Amino acid sequence: MASLSSWLLLAALVAAAHYVLRLLHSFLWVPYLIERRLRRQGIGGPPRSLLSGNAADYRALLAAARSAPLASFHHSIVARATPQYTEWPARYGRPFVYWFGPRPRLVVSDPELVKTVMTDPTGAFDKAGTGGNNPLARQLLGEGLVGISGEKWARHRRVIAPAFNIERIKAWIPEIAATASSILDKWEVQGESRTEFEVDVHKEFHTLSADVISCVAFGSSYEEGKRIFQLQEEQMKLALLAMRTVYIPGFRFVPTKKNRTRKSLNKEIRSSMRKLIEINGRKCEDSKNLLGLMLSASKAGNEFKMGIEEIIDECKTFYFAGKETTANLLTWATLLLALHQEWQDKARDEVLQVCGRFEHPSPENLSNLKIVAMVIKETLRLYPPALFINRTTTRDVKLGKLDIPAGTRLDFPIIGIHHDCDVWGTDAEEFNPSRFADGKSYHLGAYFPFGIGPTICVGQNLAMVEAKVALAMTLQRFAFTVSSSYVHAPMMLMTLQPQYGAQVIVHKN
Ligand code: HEM
């Protein structure tokens, strides 16, 4: 008996020693080798602490940037929203590296390199996914398109992409316009008999986008999915906390208060999704919307078969990605037009000319809203909802003059590149939709609010059509100015958001 317990003790000691050695290897030895290799190429960065890297510096930078709003409504916002992309390159040059625990993040802002990586067909760069290797951060989007790669990603993308092709999205225009109309009707009611009143467009456009994605993708409505949207908002806050800390392997199983909340949120979201699929599934099967296509793919014999858990993961992804991004695009576009009255007037004149005063935009005339499209593109440049994209090297890679070790996360700061004077000229920080006149396009790696290459945003058509329809209809019915209660404080909360809301004064036209 004694000898059995000695053996068990010995086995436990060996397992513990193995675990510690593995931790030392991945937390100390590998980072040391990578850092040395990057330093030899002249790539610097903030000094890192051995275990946590620069996680604490990163949090401190964010907290300092957020502690005060900007002095006025201008567009030099990179230092406030993503201070790591201004503070560190100013001190350490470009490219530079910072660390999250044992993992390096190499920040690359050269458009040519961005393009090379994003369009690389060899598999040398993996989508790190939301939260990289942090399973607590991954909970938000589950194992949906945003966070998966390889064969699984290709199979899901094949099933999902047809739901968002431009012809199918155009067919949704009447529903999108009806949703926008009902939200704008509520503004009128809220304004009662007053000719001008304040609206927080950030809140309003979140409801609009939630309703649109519910309808277009799931044959449902905001009211039906309200609980899921609320739960996901809570989940997003917890995912953000996880993303800013270094993940210790196994920590997700420790029953801390936050981990218990994460678990119960996840459980409730998945079971609500399951119910939603049961309720809406049958009527969606014929409509060829996202849910319908995924359910067809779940049938036995389909080459791109998706299981029910995979479908739930995708539903989570689309509920979140479909709402947050477009809502923020519309919010910033409205604020920008409220500030730049000359562009608001030009855009309204165009809308009235193309749609008249009372007609909704239609699939036939939407492409004639050229100034509205220019305004949206310029908004996506200055206030890109997705602030950065990342990829992780799957092997040692030569990238231009850089020799990048396997396991390095490459960060491409969309917002930083979109505001770079070397790329855009001296007026880079100014709102000037004329840059996009006559369909003018830019280097793929210099302007990429929706990403580039095979993983380009699958919801891009929906986002652009929804933004055009909603902005055009808002212009048709109201004039707007920035409210004196608006405080300009763009911040990164997964996407780029106004920290204290987006209050505008609307005037009935
Ligand atoms: C203004 C609105 C939007 C912006 C700026 C935006 C931006 C982006 C960006 C930058 C990516 C990353 C591409 C990459 O890593 O290579 C992406 C991917 C994605 N977006 Fe969007 N997005 C928007 C709207 C939407 C909408 C409305 C949906 C859903 C209907 C959506 C669903 C997705 C999905 C599922 C992916 C992953 C695609 C893949 O990996 O295959 N997005 N988006």
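**Note on the predicted model**

1. Cysteine 457 is buried, with 20 other C-beta atoms within 10 Å (buried means 20 or more such atoms within 10 Å of the residue's own, exposed 12 or fewer, and partly exposed in between, with C-beta atoms placed from the backbone). Cys457 is listed by UniProt, in an unreviewed entry, under "binding site", and such annotations may be inferred rather than shown by experiment. The residue lies in the loop between H18 and H19, helices being DSSP runs of H or I of at least four residues and strands runs of E of at least two, numbered from the N terminus. Leaving out residues up to four places away in sequence, cysteine 457 touches Phe450 and Gly451, where contact requires C-beta atoms, placed from the backbone, within 7 Å.

2. Residues are numbered from 1 along each chain as its sequence is written.

3. Aspartate 438 belongs to the loop between helix H18 (421-424) and helix H19 (460-477), and its phi, near 55°, is positive although the residue is not glycine. Aspartate 438 is exposed, having 7 other C-beta atoms within 10 Å. Methionine 494, in the loop between strand S10 (490-493) and strand S11 (495-498), also has a positive phi, near 70°, but counts as buried, with 20 C-beta neighbours inside 10 Å. Most residues other than glycine have a negative phi, and most peptide bonds are trans.

4. A cis peptide bond, with omega about -10°, links arginine 94 to proline 95. Proline 95 sits in the loop between helix H4 (84-92) and strand S1 (96-100).

5. The largest nonpolar core has 131 residues, of which Ala333 and Val372 touch the most other members; such a core is a set of buried Ala, Val, Leu, Ile, Met, Phe, Trp, Tyr and Cys residues joined through C-beta atoms within 7 Å. Helix H14 (residues 308-339) supplies the largest share of this core, 16 residues. Beyond its neighbours within four places in sequence, valine 372 is in contact with Ala347, Glu350, Val351, Lys468, Leu471 and Ala472.

6. Helix H12 (residues 257-285) packs against helix H13 (residues 290-298) at an angle of about 90°, with the axes 8 Å apart, so that H12 is roughly perpendicular to H13 (a term for angles of 65 to 115 degrees). Residues making this contact include Ile277 and Cys284 of H12 and Leu291 and Leu295 of H13.

How values were computed: Predicted model: local features only at pLDDT ≥ 70, side-chain atom pairs only at ≥ 80, totals over all residues. Axes fitted to C-alpha atoms, helices over the stretch in contact; angles between N-to-C directions. Parallel < 35°, antiparallel > 145°, perpendicular 65-115°, else oblique. Contact = placed C-beta atoms within 7 Å.
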